[in-house]
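This briefing covers a few local features, grouped by topic. Please keep the sequence and the 3D view open while reading.

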Amino acid sequence: LIDAHATLLALGGGSWARLGSDGAWVPQLEARGVAVAALQPTNCGFEVAGWSAHLRERFAGAPLKTVTLRLPGGTPRRGEFVLTASGIEGSLVYALSAPIREAINRSGNVRIELDLLPDRSAEQIARALARPRGSQSMAKHLHRQLRLDGVKAALLRELTDAATFADPQALAQAIKALPITLVRPRPLDEAISSAGGVRFAELDENLMLRQVPGVFCAGEMLDWEAPTGGYLLTACFASGRAAAEGLLSWLDAR
């Protein structure tokens with residue numbers, strides 16, 4: 001037992017249990033009357049209701065490059081992501097993980113729209129698809145006219161019906177706004193970082209817990225949408241410095 005004059009807690013979120021960030025501190029602070037927002041995954045992958053066996057077996061792990069994703073009513077965001085056996089993940093998905101997660105929390109699922117060919121308009125795509133294909137299969141026609149094949153073509157086939165695939169106008173619209181319904185985030189322990197944590201209302205301007213004087217908090221255990229990479233590290237270091245300065249000032253005042 002250590003009887004400290006002051007303590008700075010930097011215990012992480014809940015997304016790296018194997019390295020110690022398992023959120024085990026949450027009930028201990030709650031028992032002291034500290035309000036903690038539930039830890040949730042962010043910068044994470046999401047699951048669909050279920051891909052077909054063909055898509056899972058042939059294309060799980062395949063990257064979709066130069067595409068855009070858009071939430072309902074949102075602005076398209078460009079980048080790339082990976083098709084997984086259970087859904088989607090990758091940098092473009094991580095960038096939208098917070099609004100996707102919150103939409104699922106509200107409604108139980110969310111339908112996002114994937115633009116497979118963001119550099120071409122629906123009209124250009126429809127004109128290309130309307131060109132005669134003779135005895136060629138639609139798969140070869142898509143490749144020849146639009147260079148659309150591989151995982152993109154497979155996902156297009158997965159998420160459209162036969163009538164849409166046979167209609168150049170409807171297929172062009174599907175290529176520009178292919179709907180993917182996401183039903184849940186991947187588990188917290190698989191996420192790059194976590195949202196939730198000690199609510200800022202529980203902290204004073206020096207990041208000291210109002211309910212537990214002399215105890216300061218910093219880093220990913222604070223209630224914020226922890227970003228990924230260098231941004232996360234920089235913010236954690238910055239909050240650690242702010243909390244440490246607050247701790248020293250509190251000790252000096254005593």
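**Strand pairing around strand 8**

Phe46 stands opposite Pro185 in strand 8. The model is predicted.

*Strands*
- Strand 3 (residues 46-48) pairs with strand 8 (residues 178-185) in the antiparallel sense, over three bridges.
- Strand 7 (residues 110-115) also pairs with strand 8 in the antiparallel sense, over five bridges.

*Helix 6*
- Met138, His141, Leu142, Gln145 and Leu146 are the buried residues of helix 6 (residues 138-146).
- These residues lie on the same side of helix 6 because they cover an arc of only 100 degrees around the axis.
- An α-helix has 3.6 residues a turn, so residues three or four places apart point the same way.
- Ala139, Lys140 and Arg144 are exposed, on the face of helix 6 turned away from its buried side.
- The cover over the buried residues of helix 6 includes helix 5 (122-130), helix 7 (150-158), helix 8 (162-166) and helix 9 (168-176).
- Arg147 follows helix 6 and has a positive phi, near 55 degrees.

*Glu202*
- Glu202 sits in the loop between strand 9 (193-198) and strand 10 (215-217).
- Glu202 is buried but has no salt bridge; Arg199, the nearest side chain of opposite charge, is 6.9 Å away.
- A polar atom of the Glu202 side chain lies 3.3 Å from the backbone nitrogen of Ala35.
- Leaving aside residues up to four places away in sequence, Glu202 touches Gly33, Val34, Ala35, Met208, Leu209, Arg210 and Gln211.

Terms used: Residues are numbered from 1 along each chain as its sequence is written. This is a predicted model: local features need pLDDT of at least 70, side-chain atom pairs count only at pLDDT 80 or more; totals for chains, interfaces and linings use all residues. Side-chain values use heavy atoms; hydrogens and water are left out. Helices (H or I, at least four residues) and strands (E, at least two) are DSSP runs, numbered from the N terminus. Buried means under 20% relative accessible area, exposed over 50%, partly exposed in between (1.4 Å probe, protein chains only). Lys and Arg count as positive and Asp and Glu as negative; His and the chain ends are not counted. A salt bridge is a side-chain nitrogen of Lys or Arg within 4 Å of a carboxyl oxygen of Asp or Glu. A polar contact is a pair of N or O atoms within 3.5 Å; within protein, one must be able to donate a hydrogen and the other to accept it, and residues adjacent in sequence count only if both atoms are side-chain atoms. Contact means heavy atoms within 4.5 Å. Two strands pair if DSSP finds at least two bridges between them. The arc is that of the directions from the helix axis to the C-beta atoms.
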